[in-house]
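Subject: Structure handover

Hello,

Here is the structure for your files. My notes on it follow below.

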Amino acid sequence: MNEFKVLTRDSGKAVVMELQGFLDAHTAPDLEKTFSELMASGKYNIVVNFNGLNYISSAGLGVFMAYIDEVRSNHGDIKLAGMQQKVFNVFDLLGFPFLYEIYKDQDEALKKFNNI
Amino acid sequence: MRINFRNSLYFVAAGSIAALLLVYDWIRISINLEDPVLNGFRSLFTIAAFVFLYAAMKIFRNKKSAKPLETLRRLVAYGFFSAAIISTWGVILESKGRSSGSFVPGNIMQLLATTVFAFGIAAFVVVLLMTVSDLIYIKPDRKVRRRFELFVIFAMGAAFLSIFNGSGFLSVLRDIMFGISVFIAVLHIVSMNWIVFLSKKDKYKSLVHSFVLIVLFGYSYASIGPADLAGGVLGFYSPPMSEFSKIVFLFLTIYFSLAFIVTMFHIPTSGVFEKKKRELDSYQNLSKVITNVLDTTEVLNNTVAVVGAVTQANKVWIELRYEDGGGTREEYKISATHRTSQYELSTFDFDEVRKAVRADKRVIVQDTDEFAKLNLKGFPARSLLAVPLTAHDDFIGMLYAAHEMPYAFDDEEISTVSAFADTAAVAIQNSLLFTKSIENERLQHELRIAHEMQLKLLPTSLPSSDKFETDFLSFPAFEVGGDYIDCSRIDDRRYAFVVGDVSGKGTSAAFYMAYMKGVFQSLSSSAGSPLEFMMAANEAVGSTLQKSYFITLIYMVLDGGTGKISIVRAGHTPGVLVSSDGETGEKTCRLIKPAGSGLGLEQAGDFGRHLGEEDFVLGHGDTLVFYTDGITDQRNPDGEEFGEQRFYNLLKELSGGSPTEMKGGIIRALAEFSQGTDAVDDTTVLILKWR
C-alpha cells in the first residue's frame, strides 16, 4: 500500500523531481538518496512536483529541511509545486510557505528558474 | 585372574597325567622298553595333558590388548623366556653327560627335568600363540580369523600325525600338513592390519621389536630340531609336542619376518596416514566448535586453529562481511587469525580475491606470480587458498589459508578446507544470530525502561479548578514517542499548557521530547508573553536539532480567573474550540490557528516575524482541544484516515460531557474506527473545559 516513487528529469536549468505515493518515515530514505545524488552531481535548481503524492508525514517534510541550506548556499533553490490540498495543508500548517516557494503547477516554478 | 573349581580341575588333570607319565617313563627307561604302539598311546596321553594345560592356562592370560606395541612387548618378554629355557635347559641336561641326537634320560632326575622342561616349553608355546592372536585379531575380517584357525588345525594335525613316527605314508602326510601350516603362516602377510594404524614413531618401534622377535623365535625354532639337545629332549618326551612347538616357532619367525617387511613398506606412507588421522581429529574438533555456538569469537578462533592443523598452513584467517545501510555498503573485518595477525594482514587489500571467490567459488594461488594479479604483491606467502563462508545461501565472509611454499595445497586439502568452510560457516552464522538475539533482548529491555522513563516525563494529571476542568490522553505508537504534553503554573492566576510533536518517531524523537520538556519547564515561568516563550523555544530548539528534525508546538496561557486565553502555534495542528450557541444549543467548532512555523525551521528573525498570537475569552461550557496528528492519521483496515472532519464532529458530539468523559469517548471512537489497525504515530489530546 505505502509505495513511493521518485522520478527525476532535467528541464532547462532545473531538475524536476516527481513524487508519487506515500512519503513517510519508511520511504523518506529514498527521497534522501535522490537529493544527495542531485547534490553530488551539482544540480541545485530543483522543482519538486507533488502531483502524484498522496500523503506526507513529518519525516518526509524533514527531508526538504535537510537539503535546503546546502541548495541555497550553492545559489540554487527547492521550489514546490502541484500539491494536492491535503498535502498543502500539512505544509501550510508547519509554516513551509514561509520557507519555500510553493506554486500551483510545475511550469510556473520552472519559469522562475529558467528566467534567471 | 580368576581361579575357579573348573580351572583347578584342569590343572589337577594335567598334573595327574604328567605324574602317570613320569611313572611310566621311569619304568620305560628302567627296562629299556621301546614299543611303538605303547609309545603311541603315551603320546596321546601327552596330548591330553597338553590340552588340559591349555585349558588351565586360559585363566593366566592377561586381558586382551588392542594396542599392538603392548602386545609386541609382551611377545618379546615371552619369546625371551622361552628362548632362555630352551638354551639353559639344554645345557643343564647336557652337563649330565648325554650327547646330542636321540635323547633318553639317564636317571630319575633327568626324567623329572625332561618332564618340567617339556611342559614349560608347551606352556610358553600356548601363551605365545594366544598373544600373537591378539595382534592378528586387530581389525580382523572373517577370513583372517579363519586363516589363523586353519593354521592351528593343520599344526595340530601335523602334531598328531607325528605320533606315528617312522611309518612312511603318515609321515609324508605329516610333512604335507606341516608344509600347509607354514604356507598359511606366509598368507598372513595380507592381513597385518595392526601395522597400518601405527604412527610413524610406533612403526620404528615395531621394526625393532619385530627384529628382536625374529632372532628369538628363529633361535628357538633352530634349537628344537631333532638334532639339537632341546629338540631331542622334547622329542623323547612327546613327539606331538615337539612337532607343534616347532611349527609354532616357525610360524612366529615367519610372521614377524613378514611383519618386519610390511612395516618397512608402510613407513613412507605413514605421513599420509597420520595426516588423515589429524584431519579426522580436526573434524571432531569442528563438531565441538559447532555445538559450542554461544560465543562467536570462540567459534572463529577454533575454526582457524582447526584449518591450521589440517593444512599446516603458515597463516590462516577469517574475515566476516558486514552490511551497512540496507545492503548498499559492505565491509570486511578480519575476525580471527592463526599464525598471523590483523596488523600483518592490514597492509594488503583482498578485494580482488573476494571478487574472484564470489565469481568462482574459491581461489587457489600456487605461485608468486599470481599474487600480483590479485593485487597482493609482496604478500609473505607463495600459496594462497581462499574459500567463501556461505551459510544458507548467505555469503557471510571468507576463509583464507596461506603457505610459504609454492603448491602447498593439494586437491585433497583444498576439498577438505572447502567442506570445512561450509560447516564452519553454519556454526559462525548460528553464533552470530545467537549474539544478535541476546542483543535484541537487551534492547527490548532498554526500551521498556525508556518507556517507563518517558511516562514519568508526562504529567500524571493537569490542573483543574472550580472554574475549569482538564484531562488528557497520550499514547506512543511504539515503546517511546515524540509527543509532548505538559502544564506549568506561571503564577497564582495563570497556567501554561503545551502540546508538541517531534518529527520522526521512536528513540530519537523521545530524546527531543525530553529536551522539549526541559525547555518548556524553564521558559514557561520566566518568559513573559506566549510570543516571547515561543521565540525563546525556537532559539533553544533550533540550535540543538538536526536539520531534518523539527518540533511543532501549540502553547497557551490561561487566566484561571477570567478564562482569558492566549495561544501561539509553531507549525502544530490547530487548537479546536467547541462552543454551543446560547439559544439553539447548536455546537460549533472553531480552529485556532495563529501563524507560525515549526520550531527549528526558521532562524530567529524570520520566525518571530511570522509568528502570530490569538487571544480570546472562554465562555460558559466552551471546550478547547489541542491534539497531535496521530489521531487524525489513524487508519482503519481499509486504509481510510480518521481525518480532521471526523475528529471535529466527534468533539462536537462529545462536548456535552466532562473532559474525562470526552477522553473516554475519543478512545472508544478510535478503537471502533481502527478495528485493531496499529497506530502509526503517537497520539495526544488535551481537553480543557470552562465551567
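H1(B) passes H2(B) in a left-handed crossing (the near helix is turned anticlockwise from the far one by less than a right angle). Helices here are DSSP runs of H or I, at least four residues, numbered from the N terminus.

This is a predicted model: local features need pLDDT of at least 70, side-chain atom pairs pLDDT 80 or more, while totals for chains, interfaces and linings use all residues. Residues are numbered from 1 along each chain as written, and chains are lettered from A and ligands numbered from 1 in the order written.

Back to the pair in chain B. The axes of H1 (residues 5-31) and H2 (residues 36-57) of chain B come within 8 Å and cross at roughly 155° (lines fitted to C-alpha atoms over the stretch in contact; angles run from 0 to 180 degrees between N-to-C directions). That makes H1(B) roughly antiparallel to H2(B) (over 145 degrees). By class, their contact has 15 nonpolar, two polar and one charged residues. Among the residues that meet are B:Phe11 and B:Ile17 in H1(B), and B:Phe45 and B:Phe52 in H2(B).

Next, the chain contact. Chain A gives 15 residues and chain B gives 18 (C-beta atoms, placed from the backbone, within 7 Å). On chain A's side, H2(A) has the largest share, eight residues.

Last, H16(B), residues 411-457. Its 47 residues should span 69 Å at 1.5 Å a residue, and the end C-alpha atoms are 67 Å apart, which agrees.

Best wishes

Note on methods
Helix = DSSP H or I, 4+ residues; strand = E, 2+ residues; numbered from the N terminus. Parallel < 35°, antiparallel > 145°, perpendicular 65-115°, else oblique. Contact = placed C-beta atoms within 7 Å. Nonpolar A, V, L, I, M, F, W, Y, C, P; charged D, E, K, R; others polar. Expected span 1.5 Å × (residues − 1).
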